[in-house]
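Morning, everyone. Let me put one chain on the screen and walk you through it.

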Amino acid sequence: MTALVFLDSDFPAGRIADAATAQLSVLDQGVTRGDGIFESALYSRGVVRKLDAHLARMRVSASTCDLLIPHEEDWRTAIKTAVAAYDAESPSEEAVVKLVATRGTEGTGHGTSWVMVSPAPELGRKQRESGVSVIFLDRGYDSRVAERAPWLLMGAKTLSYAVNMAALRHARKLGADDVIFVSSDGIVLEGPTSTVLMAHRDGDTKRLITPTLETGILPGTTQGAIFAAAREAGWELGYGPLTPQDLLAAEGLWLVSSVRLLTPVNSIDGTAIARDAGLHAELTAMVDAIA
Ligand SMILES: Cc1ncc(COP(=O)(O)O)c(C=O)c1O
């Protein structure tokens, strides 16, 4: 079951709609141009995890895209309505709360915004346990493009995910589970739906490293929450630039995201990646504690 709630000024708590029937104009620019933004959060044990961080990132995405979106309080209200509707119908252990805001139907001057709650995909939950095989793929631009070309909307979570989905299909055709994008000048970027996280142990020192945001990657809310917890726990934190060779030499490598959480990388392009069980257990506990 999917619960669907539109943000609508005529409905203070949000307008509940039927996700199984047509709801959106074919003229909506979210549909015709992929012109809009979104967020995906995890709903588990009665809590939408990291909601503040998702709403904050959505504000930044909206500003990057010059998109007017509803106020934060309206999103919170609609989310509450959607989650209650979902729980009433099909309470499941984990669900995805998706927030979407498009530029709306051309000529109307106002956007379309909705909240959707649906069961979390089974595959992602399996991959947290099994880990994933990954391939490096060229993203087709260099690591300095964000500062040079702001119209590429780098760092915004836009609806235009066709390239990301195509990269995943490409990986699956080659027998792999997932992708790590590399820039044309050889710098590690991110996964199509995840942030790259790498760990090293050096005597008593534990170090966590993630690619630098200057490459134009999406600022991951999961990576942000893990870094905050790791800092508290005394880990050293670092930000790239990272090369593919750096990742191959890691003592632990993960793809992290809000719904799939902490997913270990087993191999890249067929080369096995080490997994320090102690580091993995510590990071898993940090992720479990994220509210
Ligand atoms: C391109 C990209 N990078 C990183 C992430 C991870 O972000 P978060 O941890 O906020 O889910 C996502 C999430 O979907 C993503 O699509």
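The chain exposes about 13,800 Å² (Shrake-Rupley method, 1.4 Å probe). Carbon and sulfur atoms supply 54% of that area. Keep in mind that this is a predicted model: local features need pLDDT of at least 70, side-chain atom pairs count only at pLDDT 80 or more, and totals for chains, interfaces and linings use all residues. Numbering runs from 1 along each chain as its sequence is written, and side-chain values use heavy atoms, with hydrogens and water left out.

Now the inside. Of the 291 residues, 51% count as buried, meaning under 20% relative accessible area with a 1.4 Å probe, protein chains only.

Next, the fold. There are nine helices and 14 strands. These are DSSP runs: H or I of at least four residues for helices, E of at least two for strands, numbered from the N terminus. The radius of gyration, over C-alpha atoms, is 19 Å. The globule rule (2.2 Å times the number of residues to the power 0.38) also gives 19 Å for 291 residues, so the chain is as compact as a globular protein of that length.

After α4 comes Gly131, with a positive phi near 80°.

Conventions: Buried < 20%, exposed > 50% of the residue type's maximum accessible area, 1.4 Å probe, protein only.
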